[in-house]
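Welcome to a short tour with your viewer open. Keep the selection tool handy and follow along one stop at a time.

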Amino acid sequence: MHKTRAGPGPEPSRGIYGFVVYLGGILCFVVYVVWAYIPPPLLYSLGLTYWPQRYWAIAIPFYLSCAALVSFIVLAALNLLTVVPINSIHSIQDSALIQEHIIEDNSEQSNIPKIKDIPIDVYCKNVYTLASCDRT
């Protein structure tokens with residue numbers, strides 16, 4: 001059996017699923033606006049008797065936006081906690097180091113470069129335009 005690899009290209013099924021999600025989002029927004037802005041007597045006259053309290057029309061978007069803001073702050077804090085400083089024992093180069101000299105060859109510009117470790121001096125020189133970095 002031949003399996004095709006999923007790619008980012010357009011396919012009819014993706015278009016259909018995307019359109020269904022789009023219509024579902026619009027439907028949810030319309031129901032939210034009806035619930036939030038139409039007076040309850042009008043809703044009761046239409047036979048729509050069970051609705052959550054109006055408090056949740058404001059509280060749910062507020063809680064979701066606060067959760068998104070807090071998640072960005074927590075993500076940034078976790079990234080700062082996991083980065084070791086330059087003088088840490090965990091940033092010492094070991095025998096598994098793969099170093100290659102940076103060769104500027106115009107013939108291989110279109111190729112993806114090989115994975116290699118960049119010495120901290122070369123990194124500092126290229127990024128911070130310093131002659132060398134203090135490793136202590």
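Before we start, one idea for later: a helix axis here is a line fitted to C-alpha atoms, over the stretch in contact, and the angle between two axes runs from 0 to 180 degrees between their N-to-C directions. Keep in mind, too, that you are looking at a predicted model.

**Stop 1: the whole protein.** Switch to a cartoon view and you will find four helices and zero strands. Followed from the N terminus, the elements read α-α-α-α. Now show the surface: the accessible area is about 12500 Å², and 67% of that belongs to carbon and sulfur atoms. Of the 136 residues, 7% count as buried.

Stop 2: Select residues 12-37, which make up helix H1, and then residues 55-82, which make up helix H3. How do their axes cross? They come within 8 Å of each other, at roughly 135 degrees. An angle over 145 would count as roughly antiparallel and 65 to 115 as roughly perpendicular, so H1 and H3 are oblique to each other.

Next, show side chains where the helices touch. Tyr-32, Trp-35 and Ala-36 of H1 meet Trp-56, Ala-57 and Pro-61 of H3.

**Stop 3: a nonpolar patch.** Select Phe-19, Tyr-22, Leu-23, Ile-26, Phe-29 and Val-30, which form a nonpolar patch on the surface. Together they have about 620 Å² of accessible area.

Finish by clicking on Val-30, a member of this patch that lies in H1. Its relative accessibility is 43%, so Val-30 counts as partly exposed, a class that falls between 20% and 50%.

Note on methods. Residues numbered from 1 in each chain as written. Predicted model: local features only at pLDDT ≥ 70, side-chain atom pairs only at ≥ 80, totals over all residues. Heavy atoms only, no water. Patch = residues over 30% accessible without salt bridge, like charges linked within 9 Å, V, L, I, M, F, W, Y side chains within 5 Å. Areas by Shrake-Rupley, 256 points an atom, 1.4 Å probe, with all protein chains shown as cover. Salt bridge = Lys/Arg side-chain N within 4 Å of Asp/Glu carboxyl O. Helix = DSSP H or I, 4+ residues; strand = E, 2+ residues; numbered from the N terminus. Buried < 20%, exposed > 50% of the residue type's maximum accessible area, 1.4 Å probe, protein only. Parallel < 35°, antiparallel > 145°, perpendicular 65-115°, else oblique. Contact = heavy atoms within 4.5 Å.
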